[in-house]
Amino acid sequence: MIAGVGAITLGGCQKLSDTTWFPKMLGFGEKATQGVQRLILPRKAMVREFAETDPSGQFRSNGTSLPRNPAFLEMAKNGFADYRLTVDGLVDKPGMFSLAEIRALPSRTQITRHDCVEGWSAIGKWKGARLGFLLEKVRLKPNARYVVFHCADPMNEDGSSLYYESIDMEDAFHPQTILAYELNGAVLPLANGAPIRLRVERQLGYKHAKYVIRIEIVEDFSGIAGGKGGYWEDQGYEWYAGI
Amino acid sequence: MADLNNALPEKKMQYRHRLPVRLMHWINVMALVVLLMSGLNIFNAHTALYWGESSYGKKPPLLEIRGVEDDEGNLIGTARLFGYTINTTGFLGASKDLDGNLIEKGFPTWITIPSNQWLAMARRWHFFFAWLLVVNGFSFVTYSLLSRHVVRDLLPTRQDLRSIGRSVVDHLLLRRPKGEEATRYNVLQKMAYLSVIFLMAPAIILMGLGMSPALDALFSRLVGLFGGRQSMRTLHFVIAWALVAFVFVHVFQVIVNGFWNNVRSMITGYLKIPSGLDSE
């Protein structure tokens, strides 16, 4: 009898997951978490940074390790000398920045813990340009609200569905938010997102976009791809990945 | 003349569980079931547990569940705990998916919500019911303290504490309380309930919050105290199973002490107390 009740319950739960309205209702839990966390977290609260001895060996590569993008891989062959980071959207001074120019921006080195949504954690030493300074350089327009990161790696086998992510201005200007170009004292490897990957330390790993080729400043991201602000968000994950 | 010893023993009714207790108890049951099952789906996204801050530090995992191919190319499920590997095919590591095919999987479909591996959906279930547990739990504790339910019914008395040994024996012998004794929780019961409410539940919530990178910006020292984020993930898992063990014992006791009487009392509030006239 208990097995029967169990089977009916599980079947019912499964049907609920497949509707539109039920997951939406469940989503209020994560909205509540976002609200509470943003309320209690001071703007500049920093995540823990570790000692030099903590990072160990190779940093795990998750998601894409080798982008299925021939043009991009061509650039990788000569150390991304021809790579340009496009910064456009709601800015007064859009531009294209070479790696040398990005390296010339005020940088930050931080030894932090990467927390993947899958459950694992890894500690790495990241060096990169402070995103806040880059944004000040391009002069945000008054209605700028989100920073969208467009990436070179397609998530589909046919080359479509390029990875992308977005963060708001609080995270964009956070001291630990950097465009990383070095990992563990060496140039950022291809497997870990070369030439540039985002670090946004108060959120889970999927927000830390790899292979960033364009930064677009927008007021609202609902017109981009699936409209939820990121590749994984379009697949049902939360935009705010604080937990 | 009727033999008094053959007369039916009197049973009196006790108003045992007040409405707020009953309501919040069943909400807890629902929330804990969903939290466990969605939690296992979440665990399935990375079927290994570690101690410390990193999963890729110098120490190997404490627990690792994997599906591997044997020499003939068959998929077998394995669980390695503290260095000892056991074959768990069919349950852990390798089990049938919803179409009946044997696939690599942590915990099986019948124990997870959703049934298939679906991390995004499992997180939605988990974080909604987590809030439900926290709000309900907080209300339950507040009510229980204000109504003196904790002090009157749950706190062991001095006499209780002196009779722990006897209570253990009673439990092992499956002796059912009668008369006045049956109108109270016994000492082991009180200790179990108190540790669930005031130790295990707050601890598991703390461990859950400890996995949040955002809250790390507030509480990283606390996280460090426990050994790190991966330690908190491991403890979260361990306490979850400790709660499952509690539920098994709890349900067992409900069954052997008069199943329908007990379940009915947690719905209507009224418990039939067997008379204490019999010898024992």
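Helices (H or I, at least four residues) and strands (E, at least two) are DSSP runs, numbered from the N terminus. The structure is a predicted model, in which local features need pLDDT of at least 70, side-chain atom pairs count only at pLDDT 80 or more, and totals for chains, interfaces and linings use all residues. Residues are numbered from 1 along each chain as its sequence is written, while chains are lettered from A and ligands numbered from 1 in the order in which they are written.

Two prolines follow cis peptide bonds. In chain A, the bond from A:Ala194 to A:Pro195 is cis, with omega near 5°. A:Pro195 sits in the loop between strand 8 (186-187) and strand 9 (197-199) of chain A. In chain B, the bond from B:Ile113 to B:Pro114 is cis, with omega near -10°. B:Pro114 belongs to the loop between strand 7 (102-105) and helix 2 (119-146) of chain B.

Positive phi angles also occur in chain A. A:Ser161 is not a glycine, yet its phi is positive, about 60°. This serine is in the loop between strand 5 (146-154) and strand 6 (162-168) of chain A. Burial is judged from C-beta atoms placed from the backbone: a residue is buried if 20 or more others lie within 10 Å of its own, exposed if 12 or fewer, and partly exposed in between. A:Ser161 counts as partly exposed because it has 16 C-beta neighbours inside 10 Å. A:Tyr211, also not a glycine, has a positive phi of about 55°. The loop between strand 9 and strand 10 (212-218) of chain A holds A:Tyr211. A:Tyr211 has 24 other C-beta atoms within 10 Å, so it is buried.

The two chains touch. Contact requires C-beta atoms, placed from the backbone, to lie within 7 Å. By this rule, 38 residues of chain A are in contact with 33 residues of chain B. On the chain A side, helix 1 (2-17), helix 2, strand 3 and strand 4 (121-130) each give two or more residues. Helix 2 of chain A supplies the largest share, nine residues. The chain A side has 17 nonpolar, 13 polar and eight charged residues. Here Ala, Val, Leu, Ile, Met, Phe, Trp, Tyr, Cys and Pro count as nonpolar, Asp, Glu, Lys and Arg as charged, and the others, Gly among them, as polar.

Helix 7 (residues 213-225) of chain B has a kink of about 95°, centred on B:Phe219. The bend is the angle between axes fitted to the seven residues ending at a residue and the seven starting there. Buried residues of helix 7 of chain B include B:Pro213, B:Leu215 and B:Val223. Their cover includes helix 2 (21-40) and strand 3 (107-115) of chain A, together with helix 6 and helix 8 of chain B. B:Gly227 follows helix 7 of chain B and has a positive phi, near 110°.

In chain B, B:Tyr15 is part of strand 1 (residues 11-15). B:Tyr15 counts as exposed because it has 10 C-beta neighbours inside 10 Å. Leaving out residues up to four places away in sequence, B:Tyr15 touches B:Gly269 and B:Tyr270. B:Tyr15 and B:Lys272 are 257 residues apart in sequence, but 9.0 Å apart in space, C-alpha to C-alpha.

Terms used: Two residues are in contact if their C-beta atoms, placed from the backbone, lie within 7 Å.
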